[in-house]
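Hi,

Here is the structure I promised to pass on. Please have a look at it, and then read on for what turned up.

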Amino acid sequence: MADSVTALDPRPGLSALPADELIAWLAERDEPAYRARQLEQAVWAGTATRAADLTTLPRPLAAEIEEAFRWSTVEDEAIVSSDGGQTEKVLHRLSDGLTIESVLMHYPARAGRKARHTLCISSQGGCAVGCPFCATGELGFERDLETAEILDQVRSASARLESGARLTNVVFMGMGEPLLNLDRVLEAVAALNDPAKLGLGARHITVSTSGVVPGIRRLTALGPQFTLAISLHAARNALRDVLVPLNRRWPVEEVIAAARDHARTTGRRISYEMTMIGGVNDTDQDADAVANLLRGDLAHVNLIPMNPVAHTPWQASSMPVIERFAARIEAAGIPVTIRRNRGVEIGAACGQLAAERAGAPPIPAVALRRRRLEAASAKALRGERSDEAVPAGVVG
Ligand code: SAH
Ligand code: SF4
């Protein structure tokens with residue numbers, strides 16, 4: 001995913017700089033505190049591209065700011081659109097050469113409903129969890145994103161919206177496992193909430209996790225910060241061990257217990273995501289296992305057909321199969337939504353980004369990977385637990 005990785009630029013990104021630190025930095029230069037507010041406004045307004053663009057700043061001060069801080073920590077290297085311009089995927093280059101992606105999805109106004117602009121952002125470069133149907137998982141883990149690198153994906157998208165339009169939703173469903181970079185994700189969410197910055201309400205922010213139980217428990221103690229989504233994919237441990245390798249560390253019943261406590265304590269409904277894979281996790285038995293697991297909970301299930309990923313042996317479930325699956329869960333009184341995947345032709349399904357940049361693995365490696373996955377899922381479907389290790393890098 002990186003052509004050439006170099007050292008990170010040590011200058012802090014302005015978007016994540018706490019106001020008191022900026023005020024102190026200004027005070028050392030005998031500059032008044034109101035300049036901090038001026039800068040913050042300009043950073044989030046999205047029209048300037050560097051401190052020197054601000055005519056309100058004395059030139060020497062603008063030059064010093066540029067020396068000490070980064071106006072943005074992401075450089076938009078490529079923008080690809082699909083769905084008739086309704087979906088835009090952006091490849092962002094970071095200062096050390098790593099690339100990450102965000103996806104902006106536009107939903108036009110419909111009867112009684114305003115237009116929406118939803119941005120899907122990354123929280124890490126790569127991901128240690130290694131879900132086999134996910135292109136990010138295939139890349140392995142690179143590094144945690146800095147708070148500013150998370151926020152600057154949001155600033156980049158806001159600046160690209162038509163004048164007068166605002167982002168209506170931000171979802172942490174891009175590259176990476178947000179709960180394995182939780183301190184920075186929480187800092188970023190606080191900035192997104194801040195009326196002086198993006199001013200987006202907690203209800204309009206969703207963080208998705210593959211099931212990092214200590215992270216979920218930490219969030220519960222903090223109270224409602226955003227909507228929590230859990231990537232379930234399978235209710236049976238044997239299959240979930242294969243689809244979400246983190247399950248070998250925190251099995252599904254522990255994840256559900258933590259999610260249930262979270263819903264009870266915060267009063268907020270949990271979203272459960274299921275990426276639907278034909279003949280793997282879409283059987284009646286799986287639907288009934290999901291229904292039994294979530295019956296009576298404050299929950300909502302989203303079914304998403306798997307986006308094709310080159311190096312798996314699998315395909316998306318067919319729509320009639322997904323509809324049948326949904327009906328069985330609904331019969332247990334659990335609300336279900338079937339989601340259409342956005343940006344399929346540009347590989348822009350959230351959470352399946354950037355792999356093509358890493359260069360395709362050699363063909364024998366692909367064949368071997370497919371055979372391994374087939375054997376692992378066949379074993380899981382017989383109900384046998386995986387004897388493979390917890391992925392390296394998953395700690396908690
Ligand atoms: N790591 C977190 C958040 C990023 S992934 C998590 O796993 O929840 C966001 C979502 O995209 C997850 O629900 C993930 O399962 C889903 N996803 C990954 N690859 C996909 C694919 N090929 N097709 C459809 N959804 C996919
Ligand atoms: Fe990581 Fe989420 Fe992809 Fe799994 S689905 S590999 S947890 S980004």
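Before the rest, a word on conventions. This is a predicted model, in which local features need pLDDT of at least 70 and side-chain atom pairs count only at pLDDT 80 or more, while totals for chains, interfaces and linings use all residues. Residues are numbered from 1 along each chain as its sequence is written, chains are lettered from A and ligands numbered from 1 in the order in which they are written, and side-chain values use heavy atoms, leaving out hydrogens and water.

Back to D284: its side chain meets that of R328 in a salt bridge, 3.4 Å from N to O (a side-chain nitrogen of Lys or Arg within 4 Å of a carboxyl oxygen of Asp or Glu). R328 belongs to helix α11 (residues 319-330) and D284 to helix α10 (residues 284-294), so the pair ties together parts that are 44 residues apart in sequence. Salt bridges with shared partners also join D284, D288, R324 and R328 into one network. R328 is partly exposed too, at 32% relative accessibility.

Helix α5 (residues 147-160) holds another pair, R155 and D152, 3 residues apart, or about one turn of the helix. Their salt bridge is 2.8 Å from N to O. Here R155 is buried at 10% relative accessible area, and D152 is buried at 1%. E31 and R35 form a salt bridge as well, at 3.1 Å, and R35 is buried at 10%. Over the whole structure, the search finds 24 salt bridges.

As for the overall fold, the chain has 12 helices and 12 strands (DSSP runs numbered from the N terminus: helices are H or I with at least four residues, strands E with at least two). Buried residues make up 53% of the 396 residues, and the C-alpha trace spans about 70 × 50 × 40 Å along its principal axes.

Enjoy exploring,

Conventions:
Buried < 20%, exposed > 50% of the residue type's maximum accessible area, 1.4 Å probe, protein only.
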